[in-house]
Amino acid sequence: MTIKEYTPQNFKSDQSVRWCPGCGDHAVLNSLLKAMAELGIPPHQMAVISGIGCSSRMPYYINSYGFHTIHGRGAAIASGIKTARNDLNVWLITGDGDGLAIGGNHFIHAVRRNVDINIVLMNNRIYGLTKGQYSPTSERGFVSRSSPYGTVEDPFEPAELTFGSRGNFFARAIDVDLANLTDVFAASARHKGTSVIEVMVNCVIFNDNTHKLISERVTRADRTIYLRHGEKMLFGAANDRGIVLEGLKLKAVTIGQDGYTLDDILVHDAHEPDVTLHLMLSLMKGDMPVALGIIREVEAPTYNDSVNQLVSSVRAKHSTLKMQELLMQGEVWEIK
């Protein structure tokens, strides 16, 4: 079957994009449109679902089926759509507040069930639409309009929450790296099962430069590592640094120093069923580089396929009844 060629323009709606100038959401939209075009799936076979928040305006800007739902419930709606219409390519657009606070329960169960949806989690560590309150991913001590003296809470790590929910696909990207962001989106759509893509997004109004150390060009090479399946875990401006495993801990080393060679550097295996190393990689911070790219990609049965197979098997064993016949089954009585 020949895949039809599409352009991002085929998936761009006629609506005016209403995000603040400089907001990272613009980059996410542009990369998503490019990824959709690469997939070769027509717009009428796409569905973009969202909850509430700045990120949740996305369905208006994409020429596809769309549903702007209520706060935190996008995962439930997306799960229902995919189960009822298994032929659709379903995207859930959410934020750190919408997806991990009021929508946290729906998030973990969509991941646990492995519904074949693509969850784009736009993480700017703030509630932007409601004007600057701290969110579930804001750092301890963060000063905001709802925490004027600093928060006394530790944040969620989206990767940790995903893996704790038995997630099989997790990727991370930054809004300023459009090429890799597009690749991650396309890969997530091709994966069978729940895909979670954490996009580190900047909010220029209420939390500017929140991801500065990993997003600025001058520091990005030394502060991030882009993981690719089957390749050595190398990073640095000169690509001379790498990740090794010493005992039960990961360590960043420089090749040629302290006796470390290229052979010592770990090779990334995104398909390893054991989640242990994937979790360690996803939680790297401090003196370690932040892991980007596809950290975990493991195949597993999907909820929507399993439900549809179950329905088909039951229908094959039982005749389909009409509504009146169903109502008249069992103990019934007539009132005269």
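Arg140 pairs up with Asp154 in a salt bridge, with 2.9 Å between the closest N and O atoms; the term covers a side-chain nitrogen of Lys or Arg within 4 Å of a carboxyl oxygen of Asp or Glu. Both partners sit in the loop between strand 4 (117-123) and helix 5 (158-164), 14 residues apart. Helices (H or I, at least four residues) and strands (E, at least two) are DSSP runs, numbered from the N terminus. Arg140 is partly exposed at a relative accessible area of 49%, while Asp154 is exposed at 58%. Here, buried stands for under 20% relative accessible area, exposed for over 50%, and partly exposed for anything in between (1.4 Å probe, protein chains only).

The model is a predicted one, so local features need pLDDT of at least 70 and side-chain atom pairs count only at pLDDT 80 or more, whereas totals for chains, interfaces and linings use all residues. Residues are numbered from 1 along each chain as its sequence is written, and side-chain values use heavy atoms, with hydrogens and water left out.

By the salt-bridge rule, the count comes to seven. Another of these joins Lys285 to Glu157, at 2.6 Å from N to O. Lys285 lies in the loop between helix 9 (276-282) and strand 11 (290-297), and Glu157 in the loop between strand 4 and helix 5, so this pair ties together parts 128 residues apart in sequence. Lys285 itself counts as partly exposed, at 46% relative accessibility.

Now for the helices. Helix 1 (residues 25-39) has 15 residues and reaches 21 Å from its first C-alpha to its last, close to the 21 Å expected at 1.5 Å a residue; the expected span is 1.5 Å times one less than the number of residues. Eleven of the 15 residues of helix 1 are buried, which leaves the helix mostly covered. Among the buried ones are Val28, Leu29, Leu32, Leu33 and Met36. The cover over the buried residues of helix 1 includes strand 1 (46-50), strand 3 (89-95), strand 4, helix 6 and strand 6, where contact is taken as heavy atoms within 4.5 Å. Just past the end of helix 1, Gly40 takes a positive phi of about 75°.

Helix 6 (residues 178-190) has 13 residues that should span 18 Å at 1.5 Å a residue, and its end C-alpha atoms, 19 Å apart, agree with that. Its buried residues include Leu181, Val184, Phe185 and Ala189.

Strand 3 is mostly covered too, with seven of its seven residues buried. In a regular strand the side chains alternate between the two faces of the sheet. On one side of strand 3 sit Asn89, Trp91, Ile93 and Gly95, and on the other Val90, Leu92 and Thr94; both faces are covered. Strand 3 runs parallel to strand 1, joined by five bridges, and pairing requires that DSSP finds at least two bridges between two strands. Ile93 in strand 3 is the bridge partner of Ser50. Strand 3 also pairs with strand 4 in the parallel sense, over six bridges, and Leu92 has Ile119 of strand 4 as its bridge partner.
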